[in-house]
Amino acid sequence: MGRIGVLLLNLGGPDELKDVGSFLFNLFSDPEIIRLPFSWLQKPLAWVIASRRRKTSEANYQQIGGGSPIRQITETQAEALKSQLRKKGWEANVYIGMRYWHPFTEEAIASIKRDKIEKVVILPLYPQFSISTSGSSFRLLEKLWKEDPELQQIEYTVIPSWYQEPSYLQAMSQLIAQELSQFPNPNEITIFFSAHGVPVSYVEEAGDPYQKEIEECTKLIMGTLNRPNPHTLAYQSRVGPVEWLKPYTEDKIPELGAQGIKDLVVVPISFVSEHIETLQEIDIEYRELAEESGIHNFRRIPALNTHPLFIDSLTNLVTNALNSPKIELSEVTQMKKMVKMYPQERWEWGLTTAAEVWNGRLAMIGFIALLLELISGHGPLHFVGLL
């Protein structure tokens, strides 16, 4: 089969406080996060938002040690995966491609070419697919492959999402069970699944399967756990006046408190490693909200990180992909049922319904957001949940 490589995709995060501004600029420069009617507005708008958000984000990172642990954790996951693959008889190099910070996806691709890898398995570290996470990285990779004749000589296959993988479900269930065992009444504790939110328009108008996959994943985990605990699902990291997937975590916690619930086990279902959203948003902000709401025993399961069953799940995914028909990047960027990515790959002007809707709505959002950011620093493009 030749020299094998595995490319792990993730968001990335600033290693130190001095990196925060540049990281934010990279994030908001991504047209899959913010698409404007004029491409020349992309970077100026990204600079404005990053400049306005830098101090707040730096303060958040300061609360968790001065930087994101995501790079270090992902590197440890990569080493564990490489070791486990070797035990299964597969010699493979494992590369890390972050979307918005080092090591960037482009850096990983350069290493893959340098090492003369002949077949690559592209594996996002997002269990559920969203056009704003896995989709953004897939779109970048599709562009790189199209533009590079040398890269086109390398065979690859893509794993679009993997929330149904049995070892992953077992790992999540095991972590939940361990946390429940800390309570005197473990079968009565409410399990609170908190997923990263996305705007409703992603799902309803662009066909993003994210909400469906999150809901299915929740059911699968509870089925694997096989316990009678009540459970609920909500979405965190909502920002601005744009409608996001509901219910919102910040609304659901007080609602549970009003119902008399005193104990809660939180499951960060979208995340496989500790980072700003688990360590700061959940552990600090939501914990304070829970205390104010009368929920005095607020516990969170740890992220998977290098849990043995989780590494087993990644190993299974890679080996299965190597033995299965190839999945093209063009298949996953276009998604299913001929639904286009959001935002559209090519901006369309004209009298078509789609063009009128997107041109009008996104142009309005882009310019209003810019004004709000400049005036108040509280515009709809904050996206603090991705920081």
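How much accessible surface does the chain have, and what share of it belongs to carbon and sulfur atoms? The accessible surface comes to about 16,500 Å², and 53% of that belongs to carbon and sulfur atoms. Areas here come from the Shrake-Rupley method with a 1.4 Å probe, and for residues only the protein chains shown count as cover.

Before going on, a word on the model. This is a predicted model, in which local features need pLDDT of at least 70 and side-chain atom pairs count only at pLDDT 80 or more, while totals for chains, interfaces and linings use all residues. Residues are numbered from 1 along each chain as its sequence is written, and side-chain values use heavy atoms, with hydrogens and water left out.

Now the overview. The chain has 387 residues, and 59% of them count as buried. Buried means under 20% relative accessible area, exposed means over 50%, and partly exposed is in between, with a 1.4 Å probe and protein chains only. The secondary structure comes to 13 helices and eight strands. Helices (H or I, at least four residues) and strands (E, at least two) are DSSP runs, numbered from the N terminus. Take the contacts between residues at least 6 apart in sequence: 79% of them join residues at least 24 apart. A contact means heavy atoms within 4.5 Å.

On to the sheet that holds S1. Its four strands have the order S2-S1-S3-S4, the pairing is parallel, and the sheet is open. Its edge strands are S2 (92–98) and S4 (155–158), each pairing on one side only. The twist averages 25 degrees from one strand to the next. Two strands pair if DSSP finds at least two bridges between them. S1 (residues 4–10) and S3 (residues 119–124) are joined by six bridges. Within that pair, Leu7 stands opposite Ile122 in S3.

Which helices go with this sheet? Helix H3 (residues 70–87) lies across S1 and S2, at about 160 degrees to S2. Helix H11 (residues 308–322) packs on the sheet and touches S1, S3 and S4, and its direction makes about 140 degrees with that of S3. For these angles, axes are lines fitted to C-alpha atoms, for helices over the stretch in contact, and angles run from 0 to 180 degrees between N-to-C directions.

Let me stay with H11. Is H11 largely enclosed or largely open? Of its 15 residues, 11 are buried, so H11 is largely enclosed by the rest of the structure. The buried ones include Phe310, Leu314 and Leu317. Their cover includes S1, H3, S3, S4 and helix H6 (166–180).

Phe310 is worth a look. Phe310 has 0% relative accessibility and therefore counts as buried. Leaving out residues up to four places away in sequence, Phe310 touches Gln77, Leu125, Trp162, Ala171, Val272, Leu304 and Asn305. Phe310 and Val272 are 38 residues apart along the chain, and their C-alpha atoms are separated by 8.8 Å.

Next, the nonpolar cores. A nonpolar core is a set of buried Ala, Val, Leu, Ile, Met, Phe, Trp, Tyr and Cys residues joined through side-chain atoms within 4.5 Å. Which residues touch the most other members of the largest core? In that core of 79 residues, they are Ile122 and Tyr168. H11 gives the largest share of this core, eight residues. Apart from it lies another core, of 21 residues, among them Val20, Leu45, Tyr61 and Tyr126.

Last, the sheet that holds S5. Four strands form an open sheet in the order S6-S5-S7-S8, with parallel pairing. S6 and S8 (297–300) stand at the edges with a single partner strand each, so one side of each is left without a neighbour in the sheet. Neighbouring strands here are turned by 25 degrees against each other on average, direction ignored.

In S5 (residues 190–196), seven of seven residues are buried. Thr190, Phe192, Ser194 and His196 point one way from S5, while Ile191, Phe193 and Ala195 point the other way. Six bridges join S5 to S6 (residues 231–236), and five join S5 to S7 (residues 263–268). Phe193 stands opposite Leu233 in S6 and opposite Val267 in S7.

Two helices complete the picture of this sheet. Helix H9 (residues 249–258) packs on the sheet, touching S5, S6, S7 and S8, with its direction at about 145 degrees to that of S6. Helix H10 (residues 276–292) lies across S5, S6, S7 and S8, at about 165 degrees to S8.
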